[in-house]
Amino acid sequence: MHIIVGIIAALVLFAILVIVHEGGHFFAARAVGIRVNEFSIGMGPLICKRKTPETVYSIRALPIGGYVAMEGENEESEDERAFNNKPAWARALVVAAGPVMNFLLAVLILGGMITWSGTSVEPYVADVTAGMPAYAAGIEKGDRIVSVNGTEISEGSELNEALSHIPADTESISLGIERDGKTQEMDVPLQETEDGSRMIGIRFEVGHNPLKGILYGFQGSVEMERQMIAALGDILTGDTSQGDVVGPIGIVSLVDQTVQVGMYNVIYLLALLSLNLALVNILPFPALDGGRLLFIVIRAVTGKAISDETEAKIHFLGMFVLFSLMIFITLKDFNVFILGNG
């Protein structure tokens, strides 16, 4: 039964990612006056559609993507509202809007999660764990930590940051403690945990500031994108096994495992998938958003050296390569996750 729940959850996540991504293209196109002929969720055979005077909204059978079909996107058009008749900045804005929206979705998700769990505020001690070094040293609930080894701090997170940079052979730290309007220095031993980190056994008060949460969400998203870029570089250079790359079946399996852990982890996985989608789509490869951006720049420099028809053929070839790669990865996933031959 749980695999059915996992499949449903994966379909929901795919739908959210596609709606956000294609919604970015759609609303950006509308904002700069480009005619949108169709907004589709899914690919392949049509399931249902709703037609308006200007745009057809459709749902298709294969939940592996979607598209926004704009007038003059892949062919010549005399319509003044056609994609190909808009200035380069407008076309670049529309193309970039999809990956940008996926990145912003991750920022909002992570920011919301951080806000919900709480962010550090002024370093007032909320709790001292009995039997830990801080308790033995005499630190009490309500104390304010004002310095670490002589360096002033203003947030509880700065103590944790200081602890993470203390040399391994350091046995204790000096904390400046403010209590009842008076400041005193306390020497507090360090206790090493199983993972090698250092701790003293205190918990700080936390706040639930949405602006601070969004800021931390942005910083976390940037750092995760940096790690994804590094991982992609390792795959391309052969430093990491290409077996780590998974397709739809692998993602469904991952979602299924995550659902069993809890909804909090599923939401976090959605942020990771959204960042991954943003990164992949911005790569300068034909048919991807990054490839289209590259052609916008090239054509802005070279003028009519490359026609709309030539660019369309190159993007079609790129799409063929991408679909071939997707089929290969899907077959590999089927062998690993369905047949168990991994």
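**Exercise 1.** State how many helices and strands the protein chain has.

*Solution.* In this predicted model, the assignment for the protein chain gives 9 helices and 10 strands.

**Exercise 2.** Compare the radius of gyration of the protein chain with that of a compact globule of 342 residues, and then describe the span of the C-alpha trace.

*Solution.* Begin with the reference value: a compact globule of 342 residues would have a radius of gyration near 20 Å. The protein chain, by contrast, has 26 Å. Next, take the principal axes, along which the C-alpha trace spans about 80 × 50 × 40 Å.

**Exercise 3.** Describe the burial, contacts, surface and charges of the protein chain.

*Solution.* First, buried residues make up 39% of the 342 residues. Second, among contacts with a separation of 6 or more, 64% are accounted for by residues 24 or more positions apart. Third, the accessible surface comes to about 19,100 Å², and carbon and sulfur atoms hold 63% of that surface.

**Exercise 4.** Locate T115, decide whether T115 is buried or exposed, and list its contacts beyond four places in sequence.

*Solution.* T115 belongs to helix α2, which covers residues 88-117. Its relative accessible area is 14%, and because buried means under 20%, T115 counts as buried. Once neighbours within four places in sequence are set aside, T115 is in contact with H208, N209, P210 and G213.

Definitions and conventions
Residues numbered from 1 in each chain as written. Predicted model: local features only at pLDDT ≥ 70, side-chain atom pairs only at ≥ 80, totals over all residues. Heavy atoms only, no water. Helix = DSSP H or I, 4+ residues; strand = E, 2+ residues; numbered from the N terminus. Rg over C-alpha atoms; globule rule 2.2 N^0.38 Å. Buried < 20%, exposed > 50% of the residue type's maximum accessible area, 1.4 Å probe, protein only. Contact = heavy atoms within 4.5 Å. Areas by Shrake-Rupley, 256 points an atom, 1.4 Å probe, with all protein chains shown as cover.
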